[in-house]
Amino acid sequence: MSTLAHTMMTAARSADSGLAGPGGLDRHPYADGPATDRAGTPAWEGAEPELGRVGRRAGGSRGRGLHGQLVQQLGQMIVSGDLGADRPLVPEEIGQRFEVSRTVVRESLRVLEAKGLVSARPNVGTRVRPVSDWNLLDPDIIEWRAFGPQRDDQRRELSELRWTIEPLAARLAAGHGREEVQQRISDMVEIMSHSVAQGDALTFARADSEFHSLLIQLAGNRMLEHLFGIVSSALQVSGGPVTGCDRPSEASLAQHARIVDALGTGDGTAAEAAMRQLLTVHPEAERVVPAPREH
């Protein structure tokens with residue numbers, strides 16, 4: 001076993017993963033469906049006015065006082081469907097409900113507008129925009145969707161996007177002769193092989209994650225690497241499968257080895273095919289591989 005492989009296996013066994021257990025993501029108090037408000041009553045009438053309870057997780061809008069907390073509260077309500085385009089968002093009403101200044105409300109609405117969630121027009125006011133206008137790769141919107149009624153759709157969409165990115169990355173990576181990166185990728189497969197033999201799921205998962213990250217790096221496409229990072233992080237937040245296999249298995253190990261062999265010979269077609277096969281071998285395959293949908 002190489003020095004890198006031995007070091008990583010030792011560190012993985014001794015470190016705390018810090019990941020939530022099964023079902024842990026569903027413990028957060030996000031709405032599961034649109035609220036049924038009384039006719040003519042602002043949707044925030046039933047919202048939690050104590051903004052200190054908002055923003056318990058790290059994210060793009062958190063850690064910025066009342067402004068960031070109000071962005072979090074309103075963003076969740078928009079994404080969950082509690083606030084719709086049927087009536088304008090009146091700053092005075094928001095300020096009164098959440099007991100914040102007009103400046104805080106104004107700055108919060110500007111943040112939401114930058115994310116594509118709302119638009120402000122003269123004589124029309126500030127209104128919620130359709131989902132097609134939202135910046136769906138924004139970290140905050142990803143998190144709000146992950147804990148709202150759209151979470152299943154988001155998991156599917158992210159998985160489909162990843163299923164498109166990684167086979168292409170594997171093809172591109174086979175065309176680059178960066179031996180040091182290829183060696184590190186091979187080391188990850190060595191670590192995974194020992195993990196399968198020992199039933200060490202944690203070490204396997206970490207080596208698997210590093211394998212995929214190195215492969216994207218080897219592809220040599222900065223935009224692809226950036227997009228992969230967003231999708232991987234989003235899948236982790238959304239509870240979807242982040243790598244090719246979530247637990248040690250001989251089947252997934254064989255596909256990883258095939259990818260390494262294809263990289264070594266510069267065979268992009270074989271690398272792409274092996275990656276596609278890898279993304280179908282674990283028990284959660286139905287959530288990764290795009291399936292025909294009814295229209």
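Residues are numbered from 1 along each chain as its sequence is written. Because the model is predicted, local features need pLDDT of at least 70 and side-chain atom pairs count only at pLDDT 80 or more, while totals for chains, interfaces and linings use all residues; side-chain values use heavy atoms, with hydrogens and water left out.

**Helix packing**

Two packed helices are described by the angle between their axes and the distance between the axes. Here the axes are lines fitted to C-alpha atoms, for helices over the stretch in contact, and angles run from 0 to 180 degrees between N-to-C directions. Helices (H or I, at least four residues) and strands (E, at least two) are DSSP runs, numbered from the N terminus.

| Helix pair | Axis separation | Angle |
|---|---|---|
| helix 7 (residues 179-198) and helix 10 (residues 250-265) | within 10 Å | roughly 160° |
| helix 10 and helix 11 (residues 268-278) | within 8 Å | roughly 165° |
| helix 7 and helix 8 (residues 201-219) | 9 Å | about 160° |

Helix 7 and helix 8 pack with their axes 9 Å apart, and the angle makes the two helices roughly antiparallel (over 145 degrees; under 35 is roughly parallel, 65 to 115 roughly perpendicular and the rest oblique). Helix 7 passes helix 8 in a left-handed crossing, meaning that the near helix is turned anticlockwise from the far one by less than a right angle. Among the residues in contact (heavy atoms within 4.5 Å) are Val181, Ile185, Met188 and Met192 of helix 7 and Phe204, Ala207, Phe211 and Leu214 of helix 8. By class, this contact has 13 nonpolar, four polar and three charged residues. Ala, Val, Leu, Ile, Met, Phe, Trp, Tyr, Cys and Pro count as nonpolar, Asp, Glu, Lys and Arg as charged, and the others, Gly among them, as polar.

Helix 7 is also roughly antiparallel to helix 10, which helix 7 passes in a left-handed crossing. Their contact includes Ile185, Val189 and Val196 in helix 7 and Leu253, Ala257 and Val260 in helix 10. The residues of this contact divide into eight nonpolar, five polar and one charged.

The axes of helix 10 and helix 11 cross at roughly 165°, which makes this pair roughly antiparallel as well. The contact includes His256, Ile259 and Ala262 of helix 10 and Ala270, Ala274 and Met275 of helix 11. Its residues comprise seven nonpolar, four polar and one charged.

**Hairpin and salt bridge**

Strand 1 (residues 118-121) and strand 2 (residues 125-128) run antiparallel and are joined by four bridges; strands pair if DSSP finds at least two bridges between them. Val118 has Val128 as its bridge partner in strand 2. The hairpin has three residues between the strands, and Asn123 takes a positive phi near 65°.

The whole structure holds 16 salt bridges, each a side-chain nitrogen of Lys or Arg within 4 Å of a carboxyl oxygen of Asp or Glu. One of them joins Asp138 to Lys115, with the closest N and O atoms 3.0 Å apart. Asp138 lies in the loop between strand 2 and helix 5 (139-146), and Lys115 in the loop between helix 4 (102-114) and strand 1, 23 residues apart.
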